[in-house]
Amino acid sequence: MTVSPVRPKELKHEVKDLSLAPLGRQRIEWAGREMPVLRQIQERFAQEKPLDGLRLVACCHVTTETAHLAIALKNAGADALLIASNPLSTQDDVAASLVADYGIPVFAQKGEDNETYHRHVQIALDHRPNIIIDDGSDVVATLIQERQHQIADLIGTTEETTTGIVRLRAMYKDGVLTFPAVNVNDADTKHFFDNRYGTGQSTLDGIIRATNILLAGKTIVVAGYGWCGKGTALRARGMGGNVIVTEIDPVKAIEAVMDGFRVMPMSEAAPQGDIFITVTGNKHVIRAEHFEVMKDGAIVCNSGHFDIEIDLKSLGAQATEVKDVRNFTQQYRLKNGKSVIVLGEGRLINLAAAEGHPSAVMDMSFANQALACEYLAKNKGQLQPGIHSIPVEVDQEIARLKLQAMGVTIDTLTPEQVEYINSWTSGT
């Protein structure tokens with residue numbers, strides 16, 4: 001890990017408290033023990049400087065794992081600036097350490113209000129980025145809507161969330177995505193692992209930290225059976241939960257049934273659930289009519305990117321009282337006398353109440369991000385506007401490095417096998 005001398009007081013930043021930096025650095029170093037792939041990329045970038053002279057903005061959850069991505073980008077020579085992608089996901093000690101110990105400008109504070117968040121997006125765009133690493137596509141959307149004149153500066157963007165990819169596809173359909181965007185989310189070494197194992201474990205971690213409840217024996221409703229939903233349902237069942245899945249996609253619904261879960265509409269699941277987890281990426285998955293029929297004390301939370309999956313406005317309209325009962329835990333007392341418990345203000349529960357995904361899976365996700373930035377820089381001016389996949393060889397190299405770090409070896413094809421699978425003349 002390369003560390004540059006820095007005078008933090010002279011570095012532009014907005015973090016909660018620079019005195020938190022020693023704890024942040026300790027936690028960053030701990031996370032690095034589980035991130036061997038990104039460490040190798042950091043070391044190579046320090047030698048090769050593939051992003052030298054480029055201005056880069058990263059809008060990410062400011063966690064110990066993100067710190068290692070930021071360090072890799074700085075090692076690569078980028079003039080990098082980091083902002084939070086969610087008001088509740090920042091780890092303040094990590095933000096402080098990135099400024100004080102690593103000389104990286106950070107604009108992020110846990111609990112920042114929406115006004116501050118949007119101001120930080122503007123600060124990021126004031127940096128006039130050549131490359132944007134986005135998490136939900138807010139920076140890209142703001143660039144397109146408010147700063148068209150800066151698009152000429154842009155080589156491209158990367159996106160690692162399902163929500164962000166949905167937004168980018170909508171931009172492309174509307175003809176406003178006039179630059180390359182690399183789809184990091186759909187890389188195999190990202191969504192198969194980060195979305196499934198990372199979201200699955202960290203979501204339940206957040207619920208447990210916020211409530212300290214026993215999951216075994218509870219009826220847990222998982223809304224959405226994409227990769228995040230699959231991982232959440234799998235882990236919930238592993239903790240002894242009786243899992244119900246709600247879906248709109250008939251293929252995913254069949255898959256959930258064949259994976260052994262009960263599948264039904266939310267209207268049927270609402271009276272049965274003890275805990276509700278939304279991971280759909282869509283709006284108002286849990287609405288007024290669902291709150292009305294829930295059990296007294298039902299717990300609702302969200303692990304999708306934005307805080308719109310639970311209709312908190314309608315819940316507030318039904319409530320006679322709202323009070324904090326634990327950290328990141330609010331009780332809404334309804335007019336019918338029952339209560340509904342909301343965790344993390346409806347924001348990402350795994351980051352609001354816990355620490356986000358484990359370092360081991362973010363190792364691969366952020367390796368993809370770092371290599372996607374390098375790919376954009378190497379192919380400047382050669383990529384067409386639109387959404388581009390991570391090259392297969394990059395995906396496979398990340399998997400190879402991860403296996404190597406885990407001490408796992410696999411078979412290789414013999415010359416005879418290579419000949420066979422490349423031939424159409426051999427048969428039965």
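Helices here are DSSP runs of H or I with at least four residues, and strands are E runs of at least two, both numbered from the N terminus. The model is a predicted one, so local features need pLDDT of at least 70 and side-chain atom pairs count only at pLDDT 80 or more, while totals for chains, interfaces and linings use all residues. Residues are numbered from 1 along each chain as its sequence is written, and side-chain values use heavy atoms, with hydrogens and water left out.

Let's start on the surface. Helix H10 (residues 250-258) gives the largest share, three residues, of a nonpolar patch. That patch is made of Ile254, Val257, Met258 and Val263, which together have about 390 Å² of accessible area. The areas come from the Shrake-Rupley method with a 1.4 Å probe, and for residues only the protein chains shown count as cover. To join a patch, a residue needs over 30% relative accessible area and no salt bridge; nonpolar side chains (Val, Leu, Ile, Met, Phe, Trp, Tyr) are linked within 5 Å, like charges within 9 Å. A salt bridge, for its part, is a side-chain nitrogen of Lys or Arg within 4 Å of a carboxyl oxygen of Asp or Glu. Val263 sits in strand E9 (residues 262-263), and its 30% relative accessibility makes it partly exposed. On this scale buried is under 20% relative accessible area, exposed is over 50%, and partly exposed is in between (1.4 Å probe, protein chains only).

Now go inside, to helix H4. Nine of the nine residues of H4 (residues 92-100) are buried, so this helix is largely enclosed by the rest of the structure. Even Asp92, Asp93 and Ser97 are among the buried ones, along with residues including Val94, Leu98 and Val99. The cover over H4 includes helix H1 (21-32), helix H3 (64-75), strand E2 (79-84) and strand E3 (106-107).

The largest nonpolar core has 55 residues, and Leu51, Leu56, Leu98 and Val106 touch the most other members. A core of this kind is a set of buried Ala, Val, Leu, Ile, Met, Phe, Trp, Tyr and Cys residues joined through side-chain atoms within 4.5 Å. At least two residues of this core come from each of helix H2 (36-48), strand E1 (55-60), H3, E2, H4, strand E4 (131-134), helix H15 (359-378) and helix H16 (392-406). Helix H15 gives the most, with eleven residues. A second, separate core has 24 residues, including Phe107, Val121, Ile123 and Phe179.

Back to Val106 for a moment. Beyond its neighbours within four places in sequence, Val106 is in contact (heavy atoms within 4.5 Å) with Lys12, His13, Glu14, Val15, Leu82, Ala95, Leu98 and Val99.

Helix H8 (residues 188-211) is where you'll find Asn195, which counts as buried because its relative accessibility is 4%. Its side chain makes a polar contact of 2.6 Å with that of Lys190. That term covers a pair of N or O atoms within 3.5 Å; within protein, one must be able to donate a hydrogen and the other to accept it, and residues adjacent in sequence count only if both atoms are side-chain atoms. Setting aside neighbours within four places in sequence, the contacts of Asn195 include Thr162, Asn185, Trp227 and Cys228.

A few loops deserve a stop too. Leu214 lies between H8 and strand E7 (219-223) and is exposed at 59% relative accessibility. Val176, in the loop between helix H7 (162-173) and strand E6 (180-183), is partly exposed at 31%. Leaving out neighbours within four places in sequence, Val176 is in contact with Ile144 and Met171.

Ser137 is not a glycine, yet its phi is positive, about 70°; it sits in the loop between E4 and helix H6 (138-146) and is buried at 0% relative accessibility. His284, also not a glycine, has a positive phi of about 50°. Its loop runs between strand E10 (275-278) and helix H12 (288-293), and His284 is partly exposed at 26%.

Finally, Pro415 is in helix H17 (residues 415-421) and is exposed, at 70% relative accessibility. Pro415 and Arg119 are 296 residues apart in sequence and 59 Å apart in space, C-alpha to C-alpha.
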